[in-house]
Amino acid sequence: MEYDLSTRSARFEMRSNLDLPPILRAIDAGGLLREVGFQSRPDLNAGGHIEWPMNAPPTFHITGHLAADNVSYARHTASRLESDVSFDGKNLFLDNLIAKRPDGQLKARLLVKDDEIRWSAAGNLKASVWKDFFDKVPLGKVLNDFSERDNTTVDGSVEGHASRSDPHAWGVTGTVKATHMAYKGTPFNRAQVSMKLDHDFLDFTDGTVEFDYSNYAMRKAHGGPLTGKAKVDRVRYNREPSTLTLEGIEGNFWPAPVLRMFLPNVADHLEEYGFHNPPALSGSGTIGLMKAQQKTDFKVHGSTPGKVSYHFAGQDLLLDGLETNVRVKPGRTEVRDLAFSLFDGPLRANFDVIYGDGEGQHVDGEIDWTHLSLPELSTACGFDKQAKGFVTGRMNFQQQAGKEAAGLNGEGHIALEEGELFSVPIFGPLSPLLAAVVDRKAGFQQATEAFCSFKVKDGVLSTRDFYTDTSSMTFTGDGTADLNRKTLDMTIRMNARGFLGLITLPLKPVVDGLFQFRGTGPLKQPKWDNVMFTSPPDDENDKLLKPPKARLRLAPNRR
C-alpha cells in the first residue's frame with residue numbers, strides 16, 4: 001500500500017482469504033448479498049485506491065477477482081463461484097461471473113447502481129434453481145407449476161432490472177429452451193419461448209412445444225403418434241384483471257392435456273371424445289383466472305380426418321371426419337357447426353356444455369342426421385338381423401353427465417327411406433304374424449318408408465304418431481322404447497281394407513278390416529301378438545283410416 005499524507009489518499013493491492021461477509025459489510029454490500037453464504041474461505045485478489053477527507057468518511061474504489069468454493073444462495077449451492085469485482089463505495093459491478101453446479105452452470109453480469117439492479121445471465125440451470133430467484137413475483141408462481149424429470153435440461157439467456165426499494169419495479173426479457181419437463185402435469189419433450197416480463201404482465205411470444213404422449217391413456221387406447229407439436233404466437237398474463245390471453249395457437253395435438261393446464265372442466269369434457277389421432281387445432285382468446293370475474297372467452301377450430309370414439313346414451317359410437325368450432329365462455333362451452341360422419345351418413349350438431357349450475361354438468365343441443373345406413377346402424381346396436389334402407393331425422397336433446405341413457409331427454413322426428421320396414425329387427429317378427437292374420441304375402445309386402453315424431457324422458461323414448469304403409473295397407477303405432485333397460489312396448493294398428501282377398505281368422509278379433517298388434521320384450525327380439533282392436537289415439541286415427549297411397553309399378557318391356 002502507498003499512502004499520500006498530503007492528499008489523504010492511498011493505492012493498494014491485496015490478496016485475502018479472510019471471511020468475506022465482514023468485508024461485504026464494510027463496503028455496504030451486505031444488504032444486497034445477505035443471502036449469500038461461504039462454506040469455505042474465498043480468495044480475493046484486488047487493487048484500488050482510498051480517499052479519506054478530513055472530517056468525512058472514506059471513499060474507495062476496488063477492482064479485482066473473487067473465487068470461492070461451496071457458495072450458497074437461498075436454498076441452492078454452487079460448487080464453484082468466480083467473478084471480476086468492481087466497487088466504488090456506492091456502486092457494485094460483477095463481471096464474468098460464473099457459478100458452477102453439478103447439474104449446470106450460470107454465466108452472468110450484475111450492476112448495482114444506487115437503487116437499481118441490472119443484470120444479464122445465460123446458463124443451463126434447471127427451473128427448480130430459478131424458482132428461488134423469483135419466488136416473490138408472479139414469475140415465481142409460473143415456474144412453480146413446472147416439474148422436472150431425470151433428463152430435464154434448461155438453456156436460457158435473459159437480462160433484467162429490479163429496484164432494491166420497490167419490489168414491483170422489475171423486468172425480465174430473454175429466451176428459454178427446455179426439454180423433458182411437465183407443466184401442470186402435462187409432459188413435453190421440448191419447448192422454446194421468448195419472454196418479456198414485469199410486475200403487471202408476463203408476455204411469452206414465439207413459443208413452440210412438442211408434447212410427450214408416451215404415457216397418455218388415449219394414445220394407448222387408440223394408437224397414434226408419440227408426440228404432438230404446437231406453436232403459439234403469444235401467451236400473456238395480465239395481473240389486472242387476472243387474465244391469460246392466448247394468440248395464434250396452431251398444431252396437431254390432443255386438446256385435453258393442453259386445456260387441463262388452464263380449463264380443467266373443459267378438459268374433462270374433451271376426454272369424452274376419443275380422438276384416435278391428434279386433431280388439427282387452431283385457437284385464440286382469453287381465459288379468466290378468477291372465478292368471480294368471469295372473463296373467459298376462448299375460441300378453437302378443430303378437425304380430424306381420422307376416427308373419434310364417443311359414448312352417447314349408453315352406446316359406443318365411432319365418428320369419422322369430425323370438424324367443429326368451439327367457444328369456451330364462463331360456465332359453459334359452446335360447440336357450433338359440428339359435422340362428422342357416422343353409419344355412412346353425415347351428421348350435424350350444435351350444443352352447449354354447461355358446468356355446475358346447480359343441476360350438474362349437462363349438454364343442451366340439437367343434432368340432425370341424413371341418409372344413415374340402416375345395416376350399419378343395426379350392426380352398431382347389436383342386432384343379429386340387418387335391414388336395408390336409410391334413416392333421416394333430427395333431435396333437440398339434453399344429456400346429464402354420468403347418467404348414461406337415463407340422463408337423456410329431448411324430442412325430435414325420424415324417417416325410414418328406401419327400406420323394408422318389416423325386415424328391421426324390431427319389426428321383423430311382426431311379418432309372420434301379419435301373414436297369418438291376412439294373406440301370406442301381406443306380411444312381406446314392402447313398407448319402404450316410415451315416419452314418427454318422438455319424445456325422450458329420462459332415457460325412455462315414446463311416440464304417438466308412427467306411420468307407414470304399403471300398396472294395400474296402412475299402419476300406425478304408439479308406444480315406448482326404454483333405452484335404459486333396452487325393452488319395447490308398442491302397439492301397431494293395421495288398416496287392411498285396401499287389401500284384395502282379405503282372409504279373416506274367426507279366432508282373431510277383426511273390426512271392419514282393422515287389426516291390432518302389440519310388441520313387448522327386448523329391443524333386439526320383441527314378441528308380437530295379435531290383440532283386441534282398441535281405439536287409437538287422436539294423433540293416429542285420421543292416418544289409420546286414410547286409404548293407402550297407390551304405388552305405380554312399371555311393367556317390364558316385352559318384345
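H180 sits in strand β11, which covers residues 170–183; strands here are DSSP runs of E at least two residues long, numbered from the N terminus, while helices are runs of H or I of at least four. The model is a predicted one, so local features need pLDDT of at least 70 and side-chain atom pairs count only at pLDDT 80 or more, whereas totals for chains, interfaces and linings use all residues. Residues are numbered from 1 along each chain as its sequence is written, and side-chain values use heavy atoms, with hydrogens and water left out.

Back to the backbone of H180: its phi is near 55 degrees, a positive value in a residue other than glycine. H180 comes out as partly exposed at 22% relative accessibility (buried is under 20% relative accessible area, exposed over 50%, partly exposed in between; 1.4 Å probe, protein chains only). D114 also has a positive phi, near 55 degrees, and is not a glycine either. D114 belongs to the loop between β8 (104–113) and β9 (116–123), and is exposed, with a relative accessible area of 54%.

Another backbone feature turns up at E240 and P241, which are joined by a cis peptide bond with omega at about 15 degrees. P241 falls in the loop linking β14 (227–238) and β15 (243–252).

Then there is D482, in strand β28 (residues 474–482). D482 is buried but has no salt bridge, and R485, the nearest side chain of opposite charge, is 4.6 Å away. A salt bridge needs a side-chain nitrogen of Lys or Arg within 4 Å of a carboxyl oxygen of Asp or Glu; for charge, Lys and Arg count as positive and Asp and Glu as negative, with His and the chain ends not counted. Leaving aside residues up to four places away in sequence, D482 touches G459, V460, T487 and L523, where contact means heavy atoms within 4.5 Å.
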